[in-house]
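Q: Please take a close look at the pockets of this structure. I am new to it.

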Amino acid sequence: MKLSLQLYTVRDLLAKDFAGTVNQVAKIGYKAVELAGYGNLKTAPEAKKALDDAGLKASGAHAPIDQLETKLQSILDEASVFEHTNIICPWMPEERRKDAEGWTKSAKLLEKIGYECHQKGYQFCYHNHSFEFQKFDGKTGLDILFENSDANLVKSELDVYWVKHGGQDPVELIKRLGERVHLMHLKDMDAGADKKFAPVGTGILDFKGIIAAGTQAETQWGAVEQDNCYERTPMEAIKISFENLKKLGMS
């Protein structure tokens with residue numbers, strides 16, 4: 001499992017200076033980033049040049065479900081600029097997941113998108129939060145989603161923080177999903193009752209077990225992400241995560 005950084009973590013810095021920010025990311029030691037927009041840049045070629053100048057490659061990109069549904073070809077065209085093959089749906093809007101039927105319909109939509117991605121040489125993944133672990137007649141939303149979509153067409157970008165937040169054990173879920181866990185988001189959870197986001201290795205998640213399970217599942221990339229860095233700067237937070245993951249053998 002190779003190491004990447006989800007750029008959402010440094011979104012405020014990217015909005016001011018994409019090129020300068022990714023250069024700082026590279027200086028920490030990251031060799032790849034997962035895209036979520038281009039900050040103050042307007043086009044994929046501009047962002048690609050900034051990554052090239054920093055010596056970074058793209059491990060994948062997030063794209064909202066409405067754009068995946070209506071503008072998939074343009075998303076794939078932009079992915080080709082960056083020469084990555086992972087397209088990720090980062091969120092399922094509430095109106096699409098109110099009940100088991102909603103999850104089933106969403107599964108079929110994601111399967112259709114996944115098929116179109118697969119035909120063009122791309123892998124499609126769904127990124128979870130914790131609402132996927134709400135149960136409907138004994139099954140979680142995530143169970144319904146994956147049971148009603150082809151495992152080769154709709155993979156998981158498993159966010160281990162949100163798995164824990166949803167009341168499940170990330171290591172056990174990785175083992176259960178196996179090779180369906182194509183990608184991961186690596187973020188830690190503070191020990192406090194408010195379950196704050198934390199740099200990897202400073203909280204309560206078992207990252208040694210997570211990395212071992214991901215290796216067994218042949219997970220391709222583990223992307224560091226921290227939605228909120230609180231009293232730390234994003235650069236400080238992602239450096240701590242990088243150093244701790246490096247100690248666990250990731251690079």
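A: A pocket here is an open set of points on a 1 Å grid over the protein atoms alone, where a 1.4 Å probe fits, with protein on both sides within 12 Å along at least five of seven lines. Lining residues have an atom within 4 Å of a point. Grid points are joined across faces, edges and corners, and a volume is the space filled by probe spheres set on the points.

This is a predicted model, where local features need pLDDT of at least 70, side-chain atom pairs count only at pLDDT 80 or more, and totals for linings use all residues. Residues are numbered from 1 along each chain, and side-chain values use heavy atoms, without hydrogens or water.

The largest pocket has a volume of about 350 Å³. Its lining holds 18 residues. Nearest the centre lie Gly37, His62, Ala63, Pro64 and Gln67. Strand 3 (57-62) and helix 5 (72-82) each give at least two lining residues. Both are DSSP runs, numbered from the N terminus: helices are H or I with at least four residues, strands E with at least two. Helix 5 supplies the largest share, five residues. By class, 11 lining residues are nonpolar, five polar and two charged. Ala, Val, Leu, Ile, Met, Phe, Trp, Tyr, Cys and Pro count as nonpolar, Asp, Glu, Lys and Arg as charged, and the others as polar.

The second largest pocket has a volume of about 160 Å³. Its lining includes Gln6, Tyr8, His62, Lys187 and Asp227. Three of its lining residues are nonpolar, four polar and three charged.
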